[in-house]
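Thanks for coming. Please have a look at the model on the screen before I start.

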Amino acid sequence: MTETKQITLPVTGMTCANCSLTVERNLKRLDGVESAAVNLATEKASVIYDPSLVKEGDFLALIRDIGYDVPTAQVDLPITGMTCANCANTIERTLKRLDGVVAVTVNFASERASVEYLPGVVSLAAIQQAIRDAGYDVIVAGEGEAAEDVERAAREAEIRDQTRKFWVGVAFSLPLFLLSMGRDFGLLGAWANAPWVNWLFLALATPVQFYVGGDYYVGGFKSLRAGSANMDVLVAMGSSAAYFYSLAVLIFPGLSGHVYFETSALIITLIKLGKMLEARAKGRTSEAIKKLMGLRPKTARVVRDGVEMDVPVETVQLGDIVVVRPGERLAVDGIVVEGRSAVDESLLTGESLPVDKKPGDEVVGGTINKQGLLKFEATRVGAQTALAQIIRLVEEAQGSKAPIQRLADRVSAVFVPAVIVTATVTFLAWLIIGGVGFTESLLFAIAVLVIACPCALGLATPTAVMVGTGKGAESGILFKNSEALERAHELTTVVLDKTGTITRGEPAVTDVVSANQGIEEPELLRLAASAERGSEHPLGEAIVQAAEAEGLTLSEPEGFEATAGQGVAAVVDGRRVLVGSRRLLENEGVALTGLEEALARLEEQAKTAMLVAIDGQAAGVIAVADTVKEGSIEAIGQMQALGLQVVMLTGDNRRTAEVIGRQVGVDRVVAEVLPGDKAAQVKALQGEGQVVGMVGDGVNDAPALAQADVGIAIGTGADVAMAAADVTLMSGDLRGVPRAIALSRATMRTIKQNLFWAFFYNVILIPLAAGVFYPSLGLRLHPVLAAAAMAFSSIFVVSNSLRLRRVKLVGQG
């Protein structure tokens, strides 16, 4: 009978006794729960359960589903000592066995473990100790040390150690190889066959076996102790078989046979070379996140008690006035209070042009002040800054597992035991059935052990995801997780919310038409804007903004009157000015005299036409409309070029929607949609068999973004935490959508290439190493060549992933 467990969960959100009863009742309904008691006063749920039937994560999911919460902590732990995907699986299994650990993802490529846990049930120290007990180590920052600096130093030390051991291996293996080959080919004379030469070979091979290859013995032992087998086990078995067989021949002359010390030494040295190059290449896959971390200044210049002083950026507080000189990086987020400048936000948004900043504008930490002196009030500091959130999002996306990785994980879990069985069968088959003798049978078995490469399988997906998400961050595209990155390549339809996505979401003057009553367009605009200065209507404000943008000098209106739904009247510079609808002019007895044609043309274009009359005469028309964003038409064309159907969703009437739809070139227009019905429209498209991406502002469109297969939020540089979105476009530019989809497709193409290589390599070369093709074709693989192939298989996968960094996304030069 399975032993039961007890767990105590903190529960938040309970307000009365009925809440605690609801939680208790629902917990008791779960299969495997023997008893549950919820205490409202302590806000804790105590559950006794059968761990074979129900997991701790099931309790959390249930409690959250019924409207309450269980507070958990999340930690990312840098890990050292992993050599293959099976190591990552071992750590995952180890941590999942700990009471209080809710979810674990270990990424072999980034060498990090992401752990969600219940702080009251398990401590961070216990999690770290469990990893160490499994045979690996955790990089922990000391007091006053930056975590990323400590991790970087540890990774660099690891690469230096691998490099040193490789060169030691070369120093001993190269002369050993040359002497051995020279003797085998009869190039060295009779002295090379003297008995002492084999002892020289032993002396050269032993440091390689136990110093250079010591990591494989230690790693293999720890892996077996943890109840699994990893790549270290295969390398240790293969090289040891060659070394100890040769040692036996040397010690017991009666065995009389060839020694293979050069084989064992070259196996270890070549695989050490592969691991060294792989570690360096893996470091390059995370360059994007390192670049983002490098944007954070170490210090900030703040004004305190009227004095400017430089302080560590960690000590900047909300409300501090921060001073930034030209050429300096902004330390935190804030709002400009003094000064004007242009700020380079390219490394955050992907947009190359500097953005003008004036008092009242938002600025983002990590960006560069290009021109004038700026003073701003700090509004977000520490982990709340946009840059800190971006780094966290990218790290989470890189640490998450894509669905396509599941197959590789399942194969990796049984790979090493399967290879050991295959090597054993190979040895016995050649010895008993093949009749090639003990030595040749052993060489076939060693080749099988050494050629098998679980590393390529484990690196195929995560390295591509790391480079892809990093490339996205550099282009202002943030993927919430690797599942979103994978899902985006399957999209067939993209739904665009019109207001704020395709258009600017605010009215602007598009046309000024004069009736030729002796008043030119600039004067017509100036008089209309002067009359509208007293208005608070959005259309009136758009006219005033247009006049100010033209640099026109406005007059103060007198006798201002506003008529609801019609327009305004005022006296400007002694002239009576009317601005409004046709009805306003009709009520005032003003004839349109020749403006009917212009009025009809503008209304056909879905623009709001405002008539202007001066001193009782129709003087012209000013058209106002929600203007199309720069780049929207280009973006829609790019999406269509990618084979996507583009749908525009809007609450506008059918006629207005059709006009804008034709203007921007969408394939389909869905008009008169209420804000609450957007999600239903997305669901309807999914019902047609479409894989739908929804693009919106991330706030008003949250339900539709959540309903879509991929929700894409158009944000701004300071607004990155779009909870409902799978993808956030930092720049607010619609052209980021085709770039995100193109990046997803390129990443998935790379992952499929990597997986094909990893499977193809093992499926073809393991039978070749086992001698399957030897009887018919005479093809076989020497263990040294097998080691070289194994060493470079994972390098190929990482290098192929790194090619993603050079991919040109849609519309990029």
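I will go through a sheet, the helices on it, some aromatic contacts and one asparagine.

This is a predicted model, in which local features need pLDDT of at least 70 and side-chain atom pairs count only at pLDDT 80 or more, while totals for chains, interfaces and linings use all residues. Residues are numbered from 1 along each chain as its sequence is written, and side-chain values use heavy atoms, with hydrogens and water left out.

Strands here are DSSP runs of E of at least two residues, helices are runs of H or I of at least four, and both are numbered from the N terminus. Two strands pair if DSSP finds at least two bridges between them. Strand 2 and strand 3 (residues 44–49) run antiparallel and are joined by 6 bridges. Within that pairing, Ala 37 is opposite Ser 46 of strand 3.

Now the helices on the sheet.

On to the aromatic rings. How many aromatic pairs does a search of the whole structure find? There are 16. Rings of Phe, Tyr and Trp (its six-membered ring) pair if their centres lie within 6.5 Å; planes under 30 degrees apart count as stacked, over 60 as edge-to-face and the rest as tilted. Phe 427 and Phe 438 form an edge-to-face pair, 5.4 Å centre to centre with 85° between the planes. Phe 427 is in helix 13 (residues 405–434) and Phe 438 in helix 14 (residues 438–451), 11 residues apart.

Last, Asn 198, which is in helix 6 (residues 195–212). Is Asn 198 buried or exposed? Its relative accessibility is 17%, so Asn 198 counts as buried (under 20% relative accessible area, with exposed over 50% and partly exposed in between, for a 1.4 Å probe and protein chains only). Beyond its neighbours within four places in sequence, Asn 198 contacts Arg 183, Leu 250, Val 259 and Phe 261.

Technical notes
Contact means heavy atoms within 4.5 Å.
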